[in-house]
Amino acid sequence: MRRIWGNLVVLASLRGQKRTPFLPRPQLDALRDARVRRIVAHAAQTVPHYRELFAREGIDPRWIRGAADLERLPLLDPQLVRREPARFLSDSRRARGALSFLTSGCTGQPREVRHDRRSLLANIAYGERERAPVIALCGGSFRPRELYIGYETSNFRKVLAFYQANTRLPVKPRRTPVSMLASFDDIVRAINEVRPDLLTAYGSFLDVFFRTVEARGVEIHRPKVIMFMGEALPSDRRAWIERELGARVLSRYCATEAFKIGYFCEAATGFHLHEDLCHVRVGAASRPGEAGEVVISNLVNYATVLLNYPMGDVATLSADACPCGRTQRVLSEVQGRVEDVLRLPGGATLHPRAVWAVLKDDRSILQYQLIQHDLGRFELKLATLDAATFAPARERALRALRPLLGADAELQASWHEDLGRSERERTGKFRAVESRLSRRDS
C-alpha cells in the first residue's frame, strides 16, 4: 500500500512539469503565489515560530498574497534554526513521519531539516524539469547511463533509499554509484567500465580529477554531460572540459533546505529558478544585476518550514531572458559565500574570485585552499601532482598572493596529497577560500 500511495503521488505531480518552465509569466507568477499563500497559512496555523511571530508582530497571514509580500516577514536567523529546529517543524498531520536530514553547509555546525513524505515524492516529478536538458544533450536517451560519485552517507543516497522503499515506478534511472573515497585509479576504471553518458560529482572534485587526468595523460571515456553540484567548478575549468572532452558541463543548485532551487539548461546561461517551488530573492532589493546574498523560501516542504532563509551564497539575478525559451528567472552562478570574503587590515576586503584569478593558470596546482586565521595571518594548502612539484608551485603561489594580502601578511604553505577529502568529511563541502575570523575580530 505504501508503494501504491507513493506511485499515485508521483503520477499526480507529473502533470505539466515539462511545460512549467515555459509558461507565460502571468501563469508562472500565479502558480508561485498560490503556493506562497498555502505555505504561509500552513505556517501560521501549525509552526510554532510563525504562530508566535504573527501574533507578536500583529501580522495577518492573509496579508501575504504572493512572493513580493514575503518581504513583510523578517529574515530567519540560521543559528536559531540550528539551535531550535523544533520551532520550525510543523505539528500538522502532514508532517508526521517526515524524514530528517542533516546539513552542515560550510560551517561544520549540523542543522536538522525535515521534509514531509509527500513533498519528497513530488520531488521525483519536479525533477522532470531538470532532466529535460540532460536528456536532450545525451542524444534524446530517456534513461542515460549515469555514474554518480559521492558519499555513502550523503543526503542524496538517503533520498534514493526512500524512493526505493516507497515507490515501484516502471522506469528508473540507470545510475551507478561510486564512492568519492575510492582511489583515482578506481574511479578512472569505473568510468571506463560504465561508459556513462552523464557523470555527476562535487564541483571541486571534478576540478581536481580532470586536472589529474590531464597531468598524468590518462585516457578515459568521454561522457556527453558532466554535472557538478554542491560546490562551484571554475568557469575556466568548465571551458577546458568542454573543449578537451567534448562534454557539456551543467549544474544544479540545491540544498538540504530546499531540494529544488535552480538548474542549468542547454544554454548554460545560469540557474533557471524553480520559482513555484522555491522563491528566491537576492539581497535586500533583489534587483537584477546587483550581487547580494541568496534568500530562499521553500514553498513545498510542509514539515520544516523556512521562509526568508539566508543561504550565505552570493549571486546575481539576470535581467536577460534565456535564449532557450524558458520563462523562469535566471540566477547567475553562485559567486561565493558571504563568510568567504576576507577582511584585511585597514578595512579592505578580498573576494575569493581574486584569489582564483591569480592561481587558476598554474597547471601544477591541482587544488588550493587559503585559510585566514587572523587579520594578517594566512595558511595556504596546495595539492600538486606529487611532492616534487610542490616547492616551485609554492613559490609561484606566494608571489602571486602577497600583493593581494599585503606585504606584512604572514603566509605559510603546506603540501597535501588529497586536499578536498578531509574538508568534505569535516563540513560536507570544500571551500577554496575560508575565513575563520568572527565578525568582532574584524
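I looked up the sheet first: it is open, with eight strands in the order 4-3-5-6-7-8-9-13 and mixed pairing. Strands here are DSSP runs of E of at least two residues and helices are runs of H or I of at least four, numbered from the N terminus; two strands pair if DSSP finds at least two bridges between them. Strand 4 (174–179) and strand 13 (330–331) are at the edges with a single partner strand each, so one side of each has no neighbour in the sheet.

The model is predicted, and I took local features at pLDDT of at least 70 and side-chain atom pairs at pLDDT 80 or more, while totals for chains, interfaces and linings use all residues. Residues are numbered from 1 along each chain as its sequence is written, and side-chain values use heavy atoms, without hydrogens and water.

Strand 9 (residues 271–273) pairs with strand 13 in the antiparallel sense over two bridges. I found V330 in strand 13 as the bridge partner of H272.

Then I turned to helix 8 (residues 203–216) and helix 9 (residues 235–245), which pack at about 45° with axes 11 Å apart. Axes are lines fitted to C-alpha atoms, for helices over the stretch in contact, and angles run from 0 to 180 degrees between N-to-C directions. Helix 8 is therefore oblique to helix 9 (under 35 degrees is roughly parallel, over 145 roughly antiparallel, 65 to 115 roughly perpendicular, the rest oblique).

I listed the contact (heavy atoms within 4.5 Å): D207, F210, R211 and E214 in helix 8 meet R237, W240, I241 and L245 in helix 9.
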